[in-house]
Amino acid sequence: MGNWERLVWNQRDVLFAGFAVTIEVCVIAFLSAVIGGLVLCLVRLYVAPLRFVAVVLIEFFRDTPIFVQLMWVAYVWPEVFGFPNDFFTAGWLALALQSSGYLAETFRAGIESLPRGQLEAAFSAGMSPVQTFRRVVIPQVVLSSAPSIVNQFTVIVKSSTLISVITVPDLMSQSQKLVNVWYEPIEILTATAALYILFVFLISLAGKLIADRVRQRFGLAAS
Amino acid sequence: MSDALKQSLDLSMFWEYRAILWQGLIFNVLVFQFAASVALSVGLGAALLRVNRFLPARIVGTLHVELFRNAPDYIMLVWVHFVLPLLIGLVIQRRVEFHPFISAVIALGFVYSGYFAEAFRAGIQTIPQGNLDAGRAFGMSERLILWRITLPQVVRRMLPEALNLFISLFKATTIVSLIAVPDLMYNVSMVIQQEMRPLPLYTGAALTYFLIIFALSSTARAFSERWRQKILA
Amino acid sequence: MSDVPRIRIADVHKSYGPLEVLRGVSFDVHRGSVVSVIGASGSGKRTLLRCVNYLDPPNSGEIYIEGEPLGSRIDARGGRKPRSLAEINVMRRELGVVFQQFNLWPHMTVLGNVIEAPIRVRKLPRKDAIAYGEDCLRRVRLIDKKDEYPARLSGGQQQRAAIARALAMRPKAMMFDEATSSLDPELTDEVLSVMRELAMDGTTMIVVTHEMSFAREVSDRVIFLHAGIIEEEGAPAQVFDAPKSDRLRQFLSKYRK
């Protein structure tokens, strides 16, 4: 179909520009979510007076649907908190908040499932709690929760399609622009869908391969 | 800032429109119900294909799962609503349009069929081979074994995960407003257009969903804990 | 005793890939007799049992149940046709199997396990299935546990339940695949005594086992399998007390108490 060439291939610059924005938003959101999730998790577990606050935040970020959170962050926060000032920031911020809730729970499960013997061995060797945490706990938690962490990244990518609603020029938004210009949705939307599916698939695959490789190196069974 | 804070927490506006918003929520529940049925049945079918003896069946099943599991809800929603009718129209040489509700049910149902298929497949593969051998030794047909031995056990084991997927699906129904299904968020945006006061409405929507989902997931978590203990006893 | 053996195993060969596990095994099991199969691990005795009810069909050779070949049948025109899975399933009803791992279905009660196949496969009415099922449970002395779930029973109780489950189908023969091997020593006796009673009652049995004293006491014939073929066979007294082959002597010496 010549339409493919005309509508998709010739417009690839437009689509790739959108794709670049999507990747940018997702990477920033992901890194923020990892840090945010870690902070929330540690506060929840180890900072007793703030425990309740952390739990409430974690639950709120996890349970609120991403679309609702996005609208709330994009339209209510600027008035109440003074930021975010642009929709790009609102986009990655909302994505990051939602995922930080999930990751906080993932990290907590990882930390709590670590056998106590690991800590006892470290303390017996004279390691301080901070050292133990850095050298014994975190590496193992990262290793065991790697699949969940990679999965969160795919969730972020899939949810990022919604930021087109608050006019961030991501891949979804660019393809919708093209549809509005050319009035021929079939090829454009199918190509966009295929791009997203392929991208998410490859991330999952890459994540699984890397995880298996790393586990092999450490002599653990492939998951 | 505190003025805006006061305004957004002034939920009287939200309360004032509660009738319309409640109707919107009903739509979310309706979409959820139908999409969940689609997701369960199609997902079970795909899972059975993936564990079938024949390679072509397994390939079809895997393609289905990878296609839908990796697809963003929103793009699938848009595609089903705008592209699928055109494709069908091309084939039957007539103009076809989907009612937004139908598009929503199909799109979300199929996306989640991918997740359910994976959960079912994982469950099926943990049934000990011995259970099936015993069934075969007694002369039970493969169909009988599937329905009387495999599936009852799969359902019992997968119930916690299925509950989580259902809650996810319910959260996902919030996007159907984007193809004009009159759900809660759609009605919220209608009211905002009228009243020009987004703060209390978006905040109210966020709180409403938070409370509902929080109640649902807490119940699901408590139930799953007791269920797991019962099943693994 | 009828002329046609209840089970005839005729020149069965079985390979898994390049590995030939059974290299031509033949013997008959007559009605009411108990045949024990002994041998080291790797001798193929477990595979043999799985071939008899076509859980793993033999590569060549045939199994006959009261003269009927399991793998094929004569059609209306007198030609030989392979049996479909449905037809094989019909014949499987006549062979009761007791597995080493019990393989009770965990989501059904003991009684549920016992009546499942009679109702679904033999299409018995529920009342009749329950009545006979409870008889079988009484026979294995497990009737008081009929409404329990398998997970709450001891290993010995589970295996007795599995025996009742197989009996409830009224099979022509019972096959025991190392029925006591995964039980703690204290629990094997209760299962062996049930098996002994079945033998006394005239049940046709093929017993693959490590329990030499049991085999000696209860069998009519003992078959010693080594590397996929029958190395020696005969009456228990002869096989155990006067073994002819060296390998059998070596094998038995490991079990001398």
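1. Start with burial in chain B: 43% of its 233 residues count as buried. Bear in mind that this is a predicted model, and that everything below is computed from it.

2. What is chain B built from? It has eleven helices and zero strands. If you follow the sequence along, the pattern reads α-α-α-α-α-α-α-α-α-α-α.

3. Next, the overall form of chain B. Its radius of gyration is 22 Å, well over the 17 Å that the globule rule gives for 233 residues, so chain B is more spread out than a compact globule. Along the principal axes, the C-alpha trace of chain B spans about 75 × 55 × 25 Å.

4. How do the contacts inside chain B run along the sequence? Take the contacts between residues at least 6 apart in sequence: 78% of them join residues at least 24 apart.

5. Chain B also touches chain C. That contact takes 17 residues from chain B and 20 residues from chain C. On the chain C side, helix H2 (85-92) and helix H3 (110-120) each supply at least two residues. The largest share of that side, four residues, comes from H2(C). Sorted by class, the residues of chain C that touch chain B are eleven nonpolar, five polar and four charged.

6. By class, the H3(C) and H4(C) contact has nine nonpolar residues, one polar and one charged.

7. Finally, a helix pair in chain A. Helix H2 (residues 12-46) and helix H5 (residues 87-112) of chain A have axes that come within 6 Å and cross at roughly 45°. That angle makes H2(A) oblique to H5(A). The crossing of H2(A) and H5(A) is right-handed. As for residue classes, the contact of H2(A) with H5(A) has 16 nonpolar, six polar and two charged residues.

How values were computed: Residues are numbered from 1 along each chain as its sequence is written. Chains are lettered from A and ligands numbered from 1 in the order in which they are written. This is a predicted model: local features need pLDDT of at least 70, side-chain atom pairs count only at pLDDT 80 or more; totals for chains, interfaces and linings use all residues. Two residues are in contact if their C-beta atoms, placed from the backbone, lie within 7 Å. Ala, Val, Leu, Ile, Met, Phe, Trp, Tyr, Cys and Pro count as nonpolar, Asp, Glu, Lys and Arg as charged, and the others, Gly among them, as polar. Axes are lines fitted to C-alpha atoms, for helices over the stretch in contact, and angles run from 0 to 180 degrees between N-to-C directions. Angles under 35 degrees count as roughly parallel, over 145 as roughly antiparallel, 65 to 115 as roughly perpendicular and the rest as oblique. A crossing is left-handed if the near helix is turned anticlockwise from the far one by less than a right angle, and right-handed if clockwise. The radius of gyration is taken over C-alpha atoms; the globule rule is 2.2 Å times the number of residues to the power 0.38. A residue is buried if 20 or more other C-beta atoms lie within 10 Å of its own, exposed if 12 or fewer, and partly exposed in between; C-beta atoms are placed from the backbone.
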